[in-house]
Amino acid sequence: MMLPPTPSLALSFTLRIQLGAPLELGQGRAGQRRIIPIVGGEAIGPDITGEVMNLGADWQTIFTDGAAHLDTRYALKTHDGVVIEIVNIGTRRGPPQIMAKLDTGEDVDPKLYYMRTAARLETGDNHYGWVNHTLFVCSGVRHSSAVEVAYYRVT
């Protein structure tokens, strides 16, 4: 009997994403809604380096327990000028007192909360075409006006 291979993770790149001021939409069907503009940042290799473009946002739903559903769409431009679209879906949750600190912009040890996402990348460039057929899982850290997200290739 042949067993399926066990996936492993390899760090592909980290994004340091600069955020604009949140736009509060109020109560939606599933929870409090907000849009957080993505206004810049950088991509740090080993696989991809470049800049996060001033283009995109995180459309969040905040549930009554403080957990956030993250739904982002943005773009990065590689060091050699290629644009890569990123769609990243996930969750951020933790104890109420920790989530309250994050909401006020306080830096909190990322071991005290859970911020994980799954990302889909897409480009038309042949050199980076491998991203079109690669699964990425991510781990993040929330800062007052920025997010740091490590992208891991599932191998």
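**Notebook: strands, rings and cavities**

The model is predicted, so I noted its limits: local features need pLDDT of at least 70, side-chain atom pairs count only at pLDDT 80 or more, and totals for chains, interfaces and linings use all residues. Residues are numbered from 1 along each chain as its sequence is written, and side-chain values use heavy atoms, with hydrogens and water left out.

**Entry 1: strand pairing**

I noted the terms before going on. Strands (E, at least two residues) and helices (H or I, at least four) are DSSP runs, numbered from the N terminus. Two strands pair if DSSP finds at least two bridges between them.

β7 and β8 pair in the antiparallel sense, over 4 bridges. I then turned to β6 and β7, which run antiparallel and are joined by 9 bridges. Opposite E122 in β7 stands E85.

Which strands does β1 join? It is joined to β9 by 9 bridges, and the two run antiparallel. I found Y152 in β9 as the bridge partner of L11. Another 6 bridges join β1 to β3, again antiparallel, and here Q18 has G40 in β3 as its bridge partner.

**Entry 2: the two faces of β7**

In a regular strand the side chains alternate between the two faces of the sheet. I read β7 with this in mind. Its covered face holds M115, T117, A119 and L121, while Y114, R116, A118, R120 and E122 make up the uncovered one.

I also looked up Y114 by its ring. The charged end of R93 sits over that ring, 4.2 Å from its centre. The term applies if NZ of Lys or CZ of Arg is within 6 Å of the ring centre and within 35 degrees of the ring normal.

L135 lies in the loop between β7 and β8. Is L135 buried or exposed? L135 counts as exposed because its relative accessibility is 62%. The cut-offs are under 20% relative accessible area for buried and over 50% for exposed, with partly exposed in between (1.4 Å probe, protein chains only). I also compared L135 with G105: they are 30 residues apart in sequence and 31 Å apart in space, C-alpha to C-alpha.

**Entry 3: aromatic rings**

A pair of aromatic rings is described by the distance of the centres and the angle of the planes. Rings of Phe, Tyr and Trp (its six-membered ring) pair if their centres lie within 6.5 Å; planes under 30 degrees apart count as stacked, over 60 as edge-to-face and the rest as tilted.

How many aromatic pairs does the structure hold? I found 4 aromatic pairs. One of them, F13 with Y151, is stacked, at 4.5 Å centre to centre and 15 degrees between the planes. F13 lies in strand β1 (residues 9-19) and Y151 in strand β9 (residues 146-154), so this pair ties together parts that are 138 residues apart in sequence. F13 counts as buried because its relative accessibility is 0%. Y151 likewise counts as buried, at 0% relative accessibility.

Y151 also pairs with F136; this pair is edge-to-face, with 6.5 Å centre to centre and 70 degrees between the planes. F136 lies in strand β8 (residues 136-142) and Y151 in β9, so the pair ties together parts that are 15 residues apart in sequence. F136 is buried, as is Y151. I recorded one aromatic cluster formed by F13, W130, F136 and Y151.

**Entry 4: cavities**

On a 1 Å grid over the protein atoms alone, a cavity is a set of points where a 1.4 Å probe fits but cannot get out; lining residues have an atom within 4 Å of a point. Grid points are joined across faces, edges and corners, and a volume is the space filled by probe spheres set on the points.

The structure holds 2 cavities of 30 Å³ or more.

I listed its lining as R34, I62, G66, A68, R92, M99 and D103.

Conventions: On a 1 Å grid over the protein atoms alone, a cavity is a set of points where a 1.4 Å probe fits but cannot get out, and a pocket is an open set with protein on both sides within 12 Å along at least five of seven lines; lining residues have an atom within 4 Å of a point.
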